[in-house]
Amino acid sequence: MGRVTEKGRLNATVGLGDFINSERSRLYDGATPERRQQFKQAERRREVFHAWNQICANTREGKHVTGLHYVPERDELVVYTDGASWTQELTMMREIIRARMERLGGSVGNIVVKTTRPGFAKKSEG
């Protein structure tokens, strides 16, 4: 329990999760309908990317992914790979990946796998 200071405020410790939730609510409540839609799309994108990373980030196949793009209008995750063979491999696995993502709360209507254009270099981590 916190203590009341001279100015009458409660001097309490608040967890980071509680602070983030209260800030999210404050921003959302004061936003225009267009801005609220942007917030929802950003949150949805985060859920999809988080689920993908939980399933694929450190896998043999995931190491050949050069980029991800979520298209909210089509509820579609576009996955870019560094070669045609990996595009084919992930295309064959997409329904398995999609089902696993759904179990983690990151469901998508469709996963489309494409080969990255020639000359594109994946950014190194670190």
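This is a predicted model: local features need pLDDT of at least 70, side-chain atom pairs count only at pLDDT 80 or more; totals for chains, interfaces and linings use all residues.
Residues are numbered from 1 along each chain as its sequence is written, and side-chain values use heavy atoms, with hydrogens and water left out.

**Overall fold**

The secondary structure comprises 3 helices and 5 strands, where helices (H or I, at least four residues) and strands (E, at least two) are DSSP runs numbered from the N terminus. Along the sequence these elements follow the pattern β-β-α-α-β-β-α-β. Of the 126 residues, 22% count as buried, a class that means under 20% relative accessible area, with exposed meaning over 50% and partly exposed lying in between (1.4 Å probe, protein chains only). Contact here means heavy atoms within 4.5 Å, and among contacts between residues at least 6 apart in sequence, 55% join residues at least 24 apart.

**Sheet and helices**

An open sheet is formed by 3 strands in the order β3-β4-β5, with mixed pairing; two strands pair if DSSP finds at least two bridges between them. Strands β3 (65-71) and β5 (110-115) stand at the edges with a single partner strand each, so one side of each is left without a neighbour in the sheet. From one strand to the next the twist averages 20 degrees. Strand β4 (residues 76-81) runs parallel to β5 and is joined to β5 by 6 bridges; in one of these strands, β5, N110 is the bridge partner of E76.

Helix α2 lies across β3 and β4 and runs at about 145 degrees to β3, the angles being taken from 0 to 180 degrees between N-to-C directions, with axes fitted to C-alpha atoms, for helices over the stretch in contact. Helix α3 (residues 84-103) also packs on the sheet, where α3 touches β3, β4 and β5, and its direction makes about 165 degrees with that of β5.

Helices α1 (residues 16-29) and α2 (residues 33-56) pack at an angle of about 145 degrees, with their axes 9 Å apart. Residues R24, L27, Y28 and D29 of α1 meet R36, F39, K40 and E43 of α2 in this contact.

**Salt bridges**

The whole structure holds 8 salt bridges, each defined as a side-chain nitrogen of Lys or Arg within 4 Å of a carboxyl oxygen of Asp or Glu.

| Pair | Closest N and O atoms |
|---|---|
| E43 and R46 | 3.2 Å |
| R60 and E89 | 3.4 Å |

Both E43 and R46 lie in helix α2, 3 residues apart, about one turn of the helix. E43 is partly exposed, at 28% relative accessible area, and R46 is partly exposed as well, at 45%.

R60 lies in the loop between α2 and β3 whereas E89 lies in helix α3, so the pair ties together parts that are 29 residues apart in sequence. With a relative accessible area of 51%, R60 counts as exposed, while E61 is buried at 12% and E89 is partly exposed at 24%. A network of salt bridges also links R44, E47 and D75.
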